[in-house]
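Have the sequence and the 3D view ready as you read.

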Amino acid sequence: MPLENNNSIKKDLTYERVINAIRLQKFANINEKFVIVEGEQDKKLLKSFFHKDINIEESYSGKFGVYKIMEKFTEEKCIIGIIDRDYKVQEENKKIFFYDYNSMEIMAISCDEIFENLCNEYCNENFKDLREKIFNNLKYLSIIRKSNVEKSWELNLRRLSIQNCYNEGKLNKIKIITEIEKRKENQDRIDTEYIERKYKEKWTNEDYLLFTRGHDFLELFKIISNENNIKSKINIWDIESSLRVSYRMEDFMKTFLFRKIKKYENEQNIKFLKEG
C-alpha cells in the first residue's frame, strides 16, 4: 500500500520511510512497480499517465530524496524516478528521467494549447505575448538562480517574494537584489557585475524554457492575473491545479520524457505508461 499522505503525518515522512515501504511491498509482491517523484504535485499530474498498478510515490525529501531512494534500488528494473531538470547538469542514470525543460510546470507551459487555456481562465491576455512577457521579466532572476548553482554562491533563494520585486508592471532588478540581500547569509555573495554581463547575453526560446523556474513563472502569472481580475483574488494553488487538469495524455505523449520512458520500457520489457 502507498504511504499515507495527509497533513497530520506528512511532515514526519522522509525518504527512509519510503525505502522501507517499498521493501515491504516488494517482499509481498516482487513484481510491484514504482515511480518515485519529488512532490505531491508531480504525483497528481503523472498518475493519469501511468497504469493503475504503478505505485507513484513522493520522496518527501525532494530531488535529494529521489536520488537516495534510487540508490537503494539500483538493480530493481521496476523502480524508476522522475525529477525536475533545474540548473545542474545531472549525472547519467538510466533509471532517473527528467521533465522536459526546467521543471514539470515549464514542460506544461511550453504547450501552446495548455497555456492558452490557462490565460483564458485567469487573465484573458494573448497567451504568446504573456508567456514572452513573463519569461523576459524573470530573466534576471533566472540568471541569478542559474549562476547560484554554477558559481556555488550558496545563496538562500527559498521563498523569494516575486510580489515584493514587482513594480509598475514589471520585475525590478534592484528590488530583486534587495530582496535577496535582506537575508544576512546572502550578503557579499552575489556578483552583480557578473549577473549584468550574463543578463545582456541574448537568450533563445529554448534558454527561457530551460532556465526559468516553474514556480517563479506561475507566481508572476498570478500577479499579472490579479491585476486584471476585479472579482476576486486568484491564488497559486488554483493556477497549479488548472495547469495539471488541462494537461492531457496526448500532450504528455509529445514530450521527450514520454519517449525516454517508452524506450526504457521496450529495453526492459516492462510496462509503466498508458498509451492514449
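Helix 7 and helix 10 cross in a right-handed sense; keep in mind that this is a predicted model. Two packed helices are described by the angle between their axes and the distance separating those axes. For helix 7 and helix 10, the angle is about 120° and the axes lie 10 Å apart. That angle makes helix 7 oblique to helix 10. To find the contact, look on helix 7 for K139, Y140, I143, I144 and S147, which meet Y194, I195, E196, K198 and Y199 of helix 10.

Both of these helices also turn up around helix 9. The buried residues of helix 9 are covered by elements including helix 7 (127-150), helix 8 (162-165), strand 6 (170-171) and helix 10 (192-199). Which residues of helix 9 are buried? Within residues 173-181, they are I176, I177, E179 and I180. Viewed down the axis of helix 9, these buried residues fall within an arc of 160°, so they line one face of the helix. An α-helix has 3.6 residues a turn, so residues three or four places apart point the same way. While you are here, look at the start of helix 9: a side-chain oxygen of N172 comes to within 2.9 Å of the backbone nitrogen of I174.

Now turn to another pair, helix 2 (residues 15-28) and helix 4 (residues 62-72), whose axes come within 9 Å and cross at roughly 35°. The crossing of helix 2 and helix 4 is right-handed. Here Y15, V18, I19, I22 and R23 of helix 2 meet F64, G65, K68, I69 and K72 of helix 4.

Terms used: Residues are numbered from 1 along each chain as its sequence is written. This is a predicted model: local features need pLDDT of at least 70, side-chain atom pairs count only at pLDDT 80 or more; totals for chains, interfaces and linings use all residues. Side-chain values use heavy atoms; hydrogens and water are left out. Buried means under 20% relative accessible area, exposed over 50%, partly exposed in between (1.4 Å probe, protein chains only). Helices (H or I, at least four residues) and strands (E, at least two) are DSSP runs, numbered from the N terminus. The arc is that of the directions from the helix axis to the C-beta atoms. Contact means heavy atoms within 4.5 Å. A polar contact is a pair of N or O atoms within 3.5 Å; within protein, one must be able to donate a hydrogen and the other to accept it, and residues adjacent in sequence count only if both atoms are side-chain atoms. Axes are lines fitted to C-alpha atoms, for helices over the stretch in contact, and angles run from 0 to 180 degrees between N-to-C directions. Angles under 35 degrees count as roughly parallel, over 145 as roughly antiparallel, 65 to 115 as roughly perpendicular and the rest as oblique. A crossing is left-handed if the near helix is turned anticlockwise from the far one by less than a right angle, and right-handed if clockwise.
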